[in-house]
Amino acid sequence: MNNPILEQIDLPIFDEIKAEHIYPAITTIIIENKTKIKEIENYEISKIDYKFVDELSLLDYKLSNAWSQIGHLNSVMNSDLYRGEYNKCRELITDFYSNLSQNTKIFNLYKELKKSTIFESLSAMQQKIINDEIKDFKLGGVDLDEDKKTTFKELQSKLAKLSSRFEENVLDETNNYTLNITDESLLDGIPKDILESAKALAKENDQKGHTFTLHFPCYIPVLQYAKNRNLRKEMYEAYAKKASEFSDKKFDNTTIIKDILSHRASIARLLGFNNYAELSIDRKMASNPDEVCSFLRDLSNKAKPYGLKDFEELKEAAKKDGVEELEAWDVAFYSEIIKQNKYNINDQEIKQFFPENKVFEGLFNVIKNLYDIDIIESKASIWHTDVKYYELLQDNKIIGSFYLDLYARKNKRGGAWMDECISKTKFNENIDYPVAYLTCNFSSPIGNNPALFTHDEVITLFHECGHGLHHLLTEISEFNVSGIKGVEWDAVELPSQFMENFCWDWNVIKNMTQHIHTKESMPKELFNKLIASKNFQSGMQSLRQIEFALFDMLIHMESNPDNLDVISTLESVRDEVAVVRPPNWNRFPHSFSHIFAGGYAAGYYSYKWAEVLSADVFEEFENNGVLSKDVGARFRREILSVGGSRPAKESFIKFKGREPSVDALLRHNGLTA
Ligand SMILES: [Zn+2]
C-alpha cells in the first residue's frame, strides 16, 4: 500500500493522508527506531563520541515529523474513524518514549560521553543537549534501584489515573448541573442570545422556560448581567462547590487532591528532591521555589494598593444600587456596570474596523518592519479549502513557512494554537527550513463580506504568531533545541506575549484598521477608549492570578503533604494577597485543573513570569521606536533564533543587558504611580 506519510519528501501530503495510513506509518517508524536503538545500545563505551546523540535525535525527528501531521489532522479534521486510529497510535508512541526514558544502556552512553575528554571539545549547545538529556533521564527515574524504579512507575501510573479522574469529575459536575427557570421576571438583564440558547436547551430537555448551565458561555454572562441577585448567587454557589464534599460523593475531588499531592511528594523524594516544587522548577528558568514565592509576593505588594482601589470602586457601585455587603456573586455584575459607564466599549463597533485582509496586512507589516521578512501566499497540499499556506522570504530565500487555518468549523478542536509541523534540522536535505501550523477558531466570512475580528481575536492572532516566529526564525539545526524545543516552560510564552503588545500601539493599529463600509481607519478616540479599558481592574486581576500561583507553589512545597489542609493554605494565601474574599464554602481548588490535571503543577506562576519577561523586552522597543529594526534584529538574534540552545535567562540578559525586572509589566498594567 502506498502511504503518503512514509512517502513525504518535503511538505506533508495532507490531501492524501487517510485514517488507514496512520497505523502502518507509525508502526513502521517505531520498528525501525527500535532496531536502531538496539544497535546504539551496543556501541563500545570506550569509543563513544557525539555521533550517537545525532542518531537518536534523527529517530526522534522521524517519529515526531510523522506524528505531527497525524496529531494535527486529528485536531482539525476529526472523525470517529480518525480518532480511533490516532488513539491506538498514541499509546504506541507513549510506550516508545517511556521505554526509551528507562533505557539504562542509552543513559550510560550519555553519562560516559559527559565524563569523556570529548565533552570539553563540544560546543556549549551540544553540551547543553547532553546535560538536558541526562537530567531528563534522571527525572524519568532511570537512575533508581530496581525496587525504587517499580515504586516510581506505580506512582506515575496512579498519578495519571488520578489526574484523569479529577478532570472527569470537574467535567461531569459541570455537565450535570442545570437550572430551569420558568418565571421570566427573574431573567432581567441577561443578553438576548444567552436567553435564546437557554430557551433552546429547555426545549431540548422537555422543560418549560429557560435552562442555564455552568458552561462558560452561559455561566459568565449570567454572573455579569443578571439583575436578580439570588439567581447570581445560586449559579455562583453551584459553580464554586462543584466536585467538592458539598456535591455528589461520586464526583468529590477532596481525596483525589490529597492523593495527587502525596504521590507527587513521594516521586520528588525518590528523585532526591525535598518536595515536588523543587522537582518542577528543576527544568525551568526560575532557580528555586523560594525565588518564585518572593517574585509573587513582591508583585502582590505592588498590585495590592491598586486592587484595593478597584475593590472600593466596586463596593461603591454596589452601594449605589442598594447592596450594602458586596459578595463574590456581585463582583462580575458591578464590574460590568462600571466598565460600561466608564468606557462604553462595544465589541461590535470595534469589529467593523478589523477585516481579515487588513489585519493580516498589519501583522505582516509589523514582521517586515522588525525582521525584514516578506510573507507571501504560496501553494501546498492542504487538508481543507479554508487553509492557506504562506512562505517567509528573506533576501529571496525561503526561511520558513506556515499553514493558516483560521475559521471555526465542525470537527475542529476549539481555541487557537501554534504547532510545529517540521522543525529546522540538519537531517532534512529536502526542506531546510521550519514549518508551522497556525490554527484559530474565528468566525468565517458571511456572504461577500470579509471575516471581521474582535480586538481580542486580533490579540490572539498576534500571540500565536509570536509562538510561530519562535519556531520559524530559529537558526538552530540541532533537533532537540531547535525553535521552541528545549526552551524552559516558564519562558516559552515570552515571544507570544511580546507580540500582543503591538495590538496596543497606535502606529500599528492605525495602519491595521479599515472600516468595512467607510474604509476609514479606526478613529483615535475609539482607540483611546480601547487603551483606557485595557487596564480596567488590572490590580484585582493581577492579585487573583498571584493568589492561584502562590497557592499552587505553597501546596507543592510541602515535603509531607499528608497532613496538609489545602483549604486552610488557600485561606492563608488569601489573607496575604486577596482583596475579593470568596465565601468559606468556595472550593476553587476542587476544579483547579491546570495544576491537578494539566501540566502546571508548581508552574502556574509561569504565566506571570513570562509576562514580566515579555513586558521587559517590549520596553526596549518602546524606548527605541516600537518598530525599530535594530531592536528587532537584536531580539531575533538573542532570543528568537537561539531557541533552547542556551538557558532562557542567558538569552534574556544578552538581549536586555541585565536581569529581568517587573517594572515594565507594572507600568503596562497601570500599576505604577
Ligand atoms: Zn501561548
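A salt bridge is defined here as a side-chain nitrogen of Lys or Arg within 4 Å of a carboxyl oxygen of Asp or Glu. By that rule, the side chains of Asp136 and Arg283 form a salt bridge, at 2.8 Å from N to O. The model is predicted: local features need pLDDT of at least 70, side-chain atom pairs count only at pLDDT 80 or more, and totals for chains, interfaces and linings use all residues. Residues are numbered from 1 along each chain as its sequence is written, and side-chain values use heavy atoms, with hydrogens and water left out.

**Salt bridges**
- The whole structure contains 47 salt bridges.
- The pair of Asp136 and Arg283 links distant parts of the chain, 147 residues apart. Asp136 belongs to helix H7 (residues 124-139), while Arg283 sits in the loop between helix H13 (276-281) and helix H14 (289-320). Helices (H or I, at least four residues) and strands (E, at least two) are DSSP runs numbered from the N terminus.
- Lys426 pairs with Asp54 in another salt bridge, with the closest N and O atoms 3.0 Å apart.

**Domains and their interface**
- The domain assignment, with bounds from an automatic or database source, gives domain 1 (4-143), domain 2 (177-242) and domain 3 (350-485 + 496-534).
- The centres of domain 1 and domain 3, taken over C-alpha atoms, are separated by 30 Å. Their contact (heavy atoms within 4.5 Å) takes 29 residues from domain 1 and 31 residues from domain 3.
- Domain 1 and domain 3 bury about 2,500 Å² between them, 60% of it on carbon and sulfur atoms. Buried area is the accessible area (1.4 Å probe) that two parts lose on being put together, summed over both.
- Leu11, Tyr61 and His72 supply 25% of the area that domain 1 buries against domain 3, more than any other three residues.
- Across this interface of domain 1 and domain 3, the rule finds 1 salt bridge.

**The sheet and its helices**
- An open sheet of mixed pairing is formed by 5 strands in the order S3-S4-S5-S7-S6; two strands pair if DSSP finds at least two bridges between them.
- Strand S3 (374-378) and strand S6 (417-422) are at the edges with a single partner strand each, so one side of each has no neighbour in the sheet.
- The twist averages 30° from one strand to the next. Axes are lines fitted to C-alpha atoms, for helices over the stretch in contact, and angles run from 0 to 180 degrees between N-to-C directions.
- Strand S5 (residues 397-407) and strand S7 (residues 435-442) run parallel and are joined by 6 bridges. Tyr407 has Phe442 in S7 as its bridge partner.
- Helix H17 (residues 356-371) packs on the sheet, touching S3, strand S4 (388-394) and S5, and its direction makes about 155° with that of S5.
- Helix H18 (residues 455-472) lies across S4, S5, S6 and S7, at about 170° to S7.
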